[in-house]
Amino acid sequence: MKVPLSWLEQYVNLPPERELLPRLTEIGHMLDGSATLPGGQRVISLEIRQNRPDCLSIFGIVREVGAAFSTPIREVPLADLPRGIQHSDCDTPDYICFLHVKGARLDHLPREMLAALEQYGQGPVNPFVDLSNYVMIELGQPIHVYAASAVDVASAHSRLARQGESLKLLYGETIALDEQDLVIADRTSPLSLAGVMGGDATKIVTTGGDIIVEAGNFRPALVRRTARRHGLMTEASQRSSKLLAPGLVPVALQRFLALLMQHGATGEITLWQAGSAPQRSSEPIVLEQGDIERISGVHISSEYARDILASLGFKAEIVQGRKIAAIPPWWRTDVEHPADLIEEVLRIDGYSHIPLQRLESLPARNSDRQRPLDKSGGYNAASFAQAVGEEAPTNTSGSAWEQEEAVRNLLCAWGYDEAILDAFLVDQVGGMAERSDVVRAENPPASDLDILRPSLIPNLLSSARFLPFLLPQRRLFEVGRTFHSIEGQPGERRAAAWVLMLGSGPASWHNPALQPDFYTIKAEAEAMLEALGVHVSTDTSGSIPFPFLTGKSCCLADKSGTVVGYVGEVDHQAYDLKPVRVSFAAEIYLPSPALSQTQRSSTPRREAGSFDISILAREDTWATTIQEQIEQVLGQDLVTVRLIDVYEGKQVNGGTRSYTFRVVYDRRRGESSALWREVGKAITRLLHVEIRGADR
């Protein structure tokens with residue numbers, strides 16, 4: 001979900017980005033990237049969870065920011081709909097409203113609204129269509145505008161397509177409809193793919209006349225299957241294929257009407273309805289205050305929990321002393337149980353406040369192995385930690401989230417791309433399923449995937465099968481949990497893993513020695529652990545788990561001899577990675593963030609840009625001298641600078657040498673072409689060298 005910050009600021013006062021971005025990630029909306037547009041506007045990209053369709057909108061994120069920072073929000077102006085409702089002649093299980101506006105006129109949208117759409121990535125089409133897109137992005141409810149002359153609104157409704165029907169879409173292609181496709185139709189023919197895309201015959205092409213504005217709450221599974229069947233993953237289908245709140249339908253029409261009245265003109269307005277709005281339970285969800293601490297280990301008072309829920313729009317009150325009764329707001333379709341309320345309280349309070357303390361669990365079924373016990377017969381966390389090679393967990397103010405962000409920052413700076421993969425083992429090759437320490441769990445959506453990953457690396461290799469291998473190298477990493485069974489007791493361990501896959505070509509055609517190898521990734525693993533406060537040595541005598549190759553890999557051990565990771569060459573052939581020539585990987589176990597040496601990151605991950613710069617210098621000029629000058633020019637905005645090529649040959653004058661550096665920098669500093677010129681100009685002035693391609 002792209003979020004132009006200037007659009008957010010219309011409804012809520014924003015804190016500085018250094019506070020806003022990590023806080024959004026902490027409350028469940030992970031920052032996927034950010035960009036500065038040519039006009040200086042800032043746009044961020046957030047990964048929205050599947051069960052939060054209310055956040056696929058500007059105002060949904062406004063609500064989240066308001067709750068996260070205890071900041072009041074400004075409501076969206078709405079217009080009143082006609083009091084009388086006309087009902088369609090045809091019945092439907094969906095809930096659809098049609099606003100018939102006679103004499104509508106909209107010559108153009110205001111400049112600031114068009115700018116907001118452009119920042120989101122939506123270009124202008126037609127003023128009425130642009131207005132519908134604006135409302136969809138702002139509120140999250142797809143709406144569609146029809147030319148009223150082409151629609152019999154009295155019979156408009158949704159239904160499944162019939163055998164032999166077809167539909168010419170907005171962009172001109174005619175598709176044969178499947179009998180499982182969900183369409184909007186009148187008594188004569190299909191008008192559009194419901195929640196996906198409109199039809200060509202009913203599209204609006206003028207800036208004035210009679211229009212029909214449709215907003216519907218459709219069956220999500222039908223919309224999703226229809227969109228996939230025809231390869232139409234549109235902005236509308238991404239929202240309509242999820243469980244949107246029925247209350248959004250009239251609100252979106254009210255917003256459209258308010259903006260049309262403000263910036264255009266309307267005549268007589270009639271509201272038609274097909275189907276009826278699903279009824280939600282008005283019964284409150286009751287949460288025992290003690291369950292919050294029992295499940296999370298965090299003590300939160302009833303009053304504080306109530307205030308958090310109220311900030312999110314819940315009607316919440318304390319009943320019977322310590323219980324909290326809460327009714328979800330109309331726009332939240334994902335909250336049904338007390339556990340959902342606990343999740344809301346914990347994410348706004350901050351997941352980083354959850355102590356790193358192992359919770360007691362029942363022994364594994366069908367196993368005669370016993371859990372580690374203390375003398376009183378209780379579960380002994382220290383014994384388990386020793387069994388899996390970790391320090392005993394303790395309550396700590398150190399933040400695991402901050403530590404993991406620091407690890408991500410460093411791996412991004414080294415040029416690795418983050419992957420967020422399945423917790424279940426995708427490919428059960430190399431005898432992984434037969435390992436004695438694997439943890440199995442029921443997985444109804446995919447019953448053949450029942451092993452929780454004992455390592456992050458197998459799924460990283462599996463995922464690479466589906467990625468294009470267009471460069472000499474492919475670098476992937478993941479930070480997450482791995483799962484192990486020790487003496488019948490399942491447990492999880494925080495880990496970081498990264499994989500370097502090399503293709504058939506060298507990283508540098510003129511200097512093959514620059515090709516990464518085992519020692520490259522070993523140095524990275526050692527540097528990462530050093531940054532986390534763990535001093536390690538290598539051990540080649542210990543057992544090496546698959547997919548690491550025996551004889552080409554080693555263990556990493558701390559001062560006590562405990563294994564804290566593995567590094568070496570991995571068996572990529574078992575994962576059918578045909579374009580790959582050789583693969584190296586490292587996996588380390590993250591220590592407790594309570595270690596005083598742990599480096600914490602108080603700023604969000606930097607969105608990195610890069611460029612290559614080739615410098616022609618006298619052969620007695622050291623590459624390190626040039627590199628130091630690049631570092632001085634970019635200062636704190638530099639992520640990494642690396643020599644990738646050295647050339648001496650016919651294309652350069654005698655007595656000279658061409659050095660090529662790859663520069664990775666914080667993209668907030670500016671565009672790559674401008675920085676290339678800035679660096680080149682400074683180096684030319686200071687070192688009297690020539691920048692190759694300086695006329696670009």
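These legends describe close-up views of a predicted model. Residues are numbered from 1 along each chain as its sequence is written, and side-chain values use heavy atoms, leaving out hydrogens and water. In this predicted model, local features need pLDDT of at least 70 and side-chain atom pairs count only at pLDDT 80 or more, while totals for chains, interfaces and linings use all residues.

**View 1. Strands β15 and β17 run antiparallel.** Strands (E, at least two residues) and helices (H or I, at least four) are DSSP runs, numbered from the N terminus. Residues 285–288 form β15 and residues 323–327 form β17, with four bridges joining them. Two strands pair if DSSP finds at least two bridges between them. Glu288 lies opposite Lys323 of β17.

**View 2. Strands β16 and β17 form a hairpin.** Five bridges connect β16 (residues 315–319) to β17 in the antiparallel sense. Opposite Ile327 of β17 stands Lys315. Three residues separate the strands of the hairpin, where Gln320 has a positive phi near 50°.

**View 3. Helix α17 spans residues 672–687.** From first to last C-alpha, the 16 residues of α17 reach 22 Å, close to the 22 Å expected at 1.5 Å a residue; the expected span is 1.5 Å times one less than the number of residues. Just after α17, His688 adopts a positive phi of about 55°.

**View 4. The two sides of α17 hold buried and exposed residues.** Leu675, Trp676, Val679, Gly680, Ala682 and Ile683 are the buried residues of α17. Seen down the helix axis, these buried residues fall within an arc of 170°, so they line one face of α17; the arc is that of the directions from the helix axis to the C-beta atoms. Lys681 and Arg685, on the other side, are exposed. Buried means under 20% relative accessible area, exposed over 50%, and partly exposed in between (1.4 Å probe, protein chains only).
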